[in-house]
Amino acid sequence: MDLTPLYLSLRIAGIATVIVFITGVFFARIITRSRFPGKRIIESLLMLPLVLPPTVVGFGLLYLFGNNGPIGTLLLEWFDFQVVFTWIGAVIAAIVVAFPLMYQSAAASFQKYDRNIENAARTMGASRWRIFWTISFPLAWPGLLAGLVLTFARALGEFGATLMIAGYIPNQTETIPLAIYFAVESGNRDVALFWVLSILIIGFAAILWLNWWSGRNILRFRSED
Amino acid sequence: MLFVDIQKKMPSFLLDVHFKVSSEIVVLFGPSGAGKTTILNCIAGLSQLDSGQISLNQREFHPHNKKPVPAAKRHVGYVFQDYALFPHMTVEKNIRYGLKDEQLLYQLVELMGINHLLDNYPHQISGGEKQRVALVRAFVTKPEALLLDEPFSSLDQQTKQECQHELLHLHKTWNIPMILVTHDEEEASKLGDRILKMDKGKLIL
């Protein structure tokens, strides 16, 4: 059995998760703590991929990153680099579809605890940076971790947008969901079943671990309520 | 000396107060929603004024044509109504967060009798103990003024009296301007060198 789809999927989902975690936490933090005109519009735009069919996201990405698209042209001209039909395209698709999950979890986590806890730190002379790393981040961590796991799971399972921008190229863009689809298409039911079971095990293990971890964590320092 | 001159538009009234506090305990007394906590937040730098000025020991917090002095640089201690202890840190880490003087920590921990709590988390200690920790945590930052927002409201009668007594003792030692917000008349007259009554954003004479 060729395990390339597993390695590819883990690599693509892993890279996308790191990028989505950093940007999701950053935007959630900035946007939940500020008031500006058009805030609701920006938030709605950030959440949009959650309600759109992945094919619509794929179409949008193809338009932007295609060789004649606004970003695709620049990448080709400046770096002689093409996103479409590469694993990088799959990473971009995973980032876009998984971002709203991380953003939503992070935004909720940063609003969950008492604002006066941060205010107390401010009156004690702490800088914004110190408050973020010593107060906000640790207090939001259970929700951030949930977002991280959901992001990884969503990135791992991404199919529609990935197929549209990265295509199905064995050993290059063949992630597990694509491998399942094309195995079934070509009548390789055993191969399809193998990948279905693999992704079931990975997904179940991730959620089980998250539930176990958050249960333990809630007991640790949320029991004052 | 703390000078307070605040004008700020609130949802249903205009907050407009002017008073000064020397090294005394001034009590802001009035019904809920009168604007008492907003005054404390403005002094601490957690809320902004529409106009006015706040100065502490000749330091203006709203210098002309410049940004207001941030909360972190005001040297104003604040004890919140629900204490706002950091739930993920032990009592010792809570106290050390803004610590300026190691000696002061031992002195205050001893004075307030919270030695045995240092390794506990906030959810493991009682309301009165949280109150003491919050006071020590505010004092170890060496504040030039201290704000207390209904600090005793959730304590039982006996603990409340003990904590009030400790606060008076601390004030005697530190001798800094303190503003205490309460809607408990007995507490106001017991702790306040001066009582400022408030209603709908104004001081009532």
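This is a predicted model: local features need pLDDT of at least 70, side-chain atom pairs count only at pLDDT 80 or more; totals for chains, interfaces and linings use all residues.
Figure 1. Is A:Phe182 buried, partly exposed or exposed? A:Phe182 counts as partly exposed because 16 other C-beta atoms lie within 10 Å, a number that falls between the limits of 12 or fewer for exposed and 20 or more for buried. To get a sense of distance, look for A:Ala106, which is 76 residues away along the chain. The C-alpha atoms of A:Phe182 and A:Ala106 are separated by 35 Å.

Figure 2. A:Ala98 is buried, because 29 other C-beta atoms are found within 10 Å and the cut-off for a buried residue is 20 or more. Which residues does A:Ala98 touch, once those up to four places away in sequence are set aside? They are A:Ala16, A:Val20, A:Thr151, A:Arg154 and A:Ala155. For another distance, find A:Trp213, 115 residues from A:Ala98 along the chain; the C-alpha atoms of these two residues are 22 Å apart.

**Figure 3. Confidence along chain A.** Chain A has a mean pLDDT of 92, and 96% of its residues reach 70 or more. Which elements of chain A have the lowest and the highest mean pLDDT? The lowest value, 85, belongs to helix 10 (residues 189–221) of chain A, while helix 6 of chain A has the highest, 96.

**Figure 4. Where chain A meets chain B.** The contact draws 18 residues from chain A and 19 residues from chain B. On the chain A side, helix 6 (115–123) and helix 7 (128–157) each supply at least two residues. Helix 6 of chain A gives the largest share of that side, with seven residues. Sorted by class, the side of chain A that touches chain B holds nine nonpolar, six polar and three charged residues.

**Figure 5. The six-stranded sheet of chain B.** Now we move to chain B, where six strands form an open sheet with mixed pairing. In what order do the strands stand? The order is 6-7-8-3-9-10. Strand 6 (76–79) and strand 10 of chain B are the edge strands, each pairing on one side only. On average, neighbouring strands of this sheet are turned by 25° against each other, direction ignored. Helix 4 (residues 127–139) of chain B lies across strand 6 and strand 7 of chain B, and this helix runs at about 170° to strand 6 of chain B.

**Figure 6. Strand pairs inside the sheet of chain B.** Let us follow some of the neighbours. Strand 7 (residues 145–149) and strand 8 (residues 178–182) of chain B run parallel and are joined by four bridges; B:Leu146 stands opposite B:Met178 of strand 8. Strand 3 (residues 25–29) and strand 9 (residues 194–199) of chain B also run parallel, with four bridges between them. Here B:Val27 has B:Ile195 of strand 9 as its bridge partner.

**Figure 7. The hairpin of strand 9 and strand 10 of chain B.** Strand 9 of chain B runs antiparallel to strand 10 (residues 202–204) of chain B, and three bridges join them. B:Met198 stands opposite B:Leu203 of strand 10. Two residues lie between the strands of this hairpin, and B:Lys200 in the turn has a positive phi of about 45°.

Notes:
Residues are numbered from 1 along each chain as its sequence is written. Chains are lettered from A and ligands numbered from 1 in the order in which they are written. Two strands pair if DSSP finds at least two bridges between them. Two residues are in contact if their C-beta atoms, placed from the backbone, lie within 7 Å. Ala, Val, Leu, Ile, Met, Phe, Trp, Tyr, Cys and Pro count as nonpolar, Asp, Glu, Lys and Arg as charged, and the others, Gly among them, as polar. pLDDT is the predictor's confidence in each residue, from 0 to 100. Axes are lines fitted to C-alpha atoms, for helices over the stretch in contact, and angles run from 0 to 180 degrees between N-to-C directions.
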